[in-house]
Structure formats: structure tokens, C-alpha cells
Amino acid sequence: MSAAGGAFGGNRGLRPVPPEKGIFPLDHMHLCDLEKVEYLNCLKTARHESEKCRQFSKKYLQCRMEKNLMAKQDLAELGFKESNVETPGGKITDRV
């Protein structure tokens, strides 16, 4: 048996660190259930092609931020881009 890993492996004495980002805190009060159900239903009908359900994912994340279930963050940082934005030259492009 290895002394460094302990009986079940892993480091002894180190405190676990919570994830930087994630789904915490959990939505125990079901404040965003409607948005969650809409997203999951979309995934089911779209055969789990998440790209087709991005608007529901965005809506769910916005709900979580509004209800303080996750840190407020710019949606562009989470992978959502503004689409069909007109540039000063009049050209319509996708913008991140």
C-alpha cells in the first residue's frame, strides 16, 4: 500500500476546493424550472443537438443570474454571441 495515497488513494489533509463555475447553488426553490423544462424538451425534440436549443439555454442561464443562482456574467463570455449585427460599413455579420 502506498503511503502517499492512503488506503483509498488521493491526498490526505488537503481541503476540497469548490469549482470556479458550475451549477451551484442548486435551485432548491425551483425558481428556474420552467426555463429548465423548456430547454430539456427542446433537447429531446432536437435529438440532443444542443445548437438548436441555444435560445433556451441562454434563457435558463439568464434566469439563474437574475435569481442569484449563479454569478452574473456577460453572456458573450459564456459562448453566446449576438447574431446578424450590422457593421459600420453596412455589412451584416455574426459577432462574438
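## Disulfide exercises

Cys32 and Cys63 form a disulfide in this predicted model, with their sulfur atoms 2.1 Å apart.

**Exercise 1.** Determine the handedness of the Cys32 and Cys63 disulfide, and state which parts of the chain the pair ties together.

Step 1. The S-S torsion of Cys32 and Cys63 is about -90°, so this disulfide is left-handed.

Step 2. Cys32 sits in the segment before helix 1 (33-45), while Cys63 belongs to helix 2 (residues 54-66), so the pair ties together parts that are 31 residues apart in sequence.

**Exercise 2.** Is Cys32 buried or exposed, and is Cys63 buried or exposed?

Step 1. Buried requires a relative accessible area under 20%.

Step 2. The relative accessible area of Cys32 is 0%, and Cys32 is therefore buried.

Step 3. For Cys63 the value is 5%, so Cys63 is buried.

**Exercise 3.** Characterise the disulfide between Cys42 and Cys53.

Step 1. The sulfur atoms of Cys42 and Cys53 are 2.1 Å apart, and the cut-off for a disulfide is within 2.5 Å, so the two residues form one.

Step 2. The torsion about their S-S bond is about -90°, so the disulfide of Cys42 and Cys53 is left-handed.

Step 3. Cys42 is in helix 1 and Cys53 in the loop between helix 1 and helix 2, eleven residues apart.

Step 4. Both Cys42 and Cys53 are buried.

**Exercise 4.** How many disulfides are found in the whole structure, and what is the pairing of the bonded cysteines in sequence order?

Step 1. Searching the whole structure gives two disulfides.

Step 2. With the bonded cysteines of the protein chain numbered in sequence order, the pairing reads 1-4, 2-3.

How values were computed. Residues are numbered from 1 along each chain as its sequence is written. This is a predicted model: local features need pLDDT of at least 70, side-chain atom pairs count only at pLDDT 80 or more; totals for chains, interfaces and linings use all residues. Side-chain values use heavy atoms; hydrogens and water are left out. Helices (H or I, at least four residues) and strands (E, at least two) are DSSP runs, numbered from the N terminus. Buried means under 20% relative accessible area, exposed over 50%, partly exposed in between (1.4 Å probe, protein chains only).
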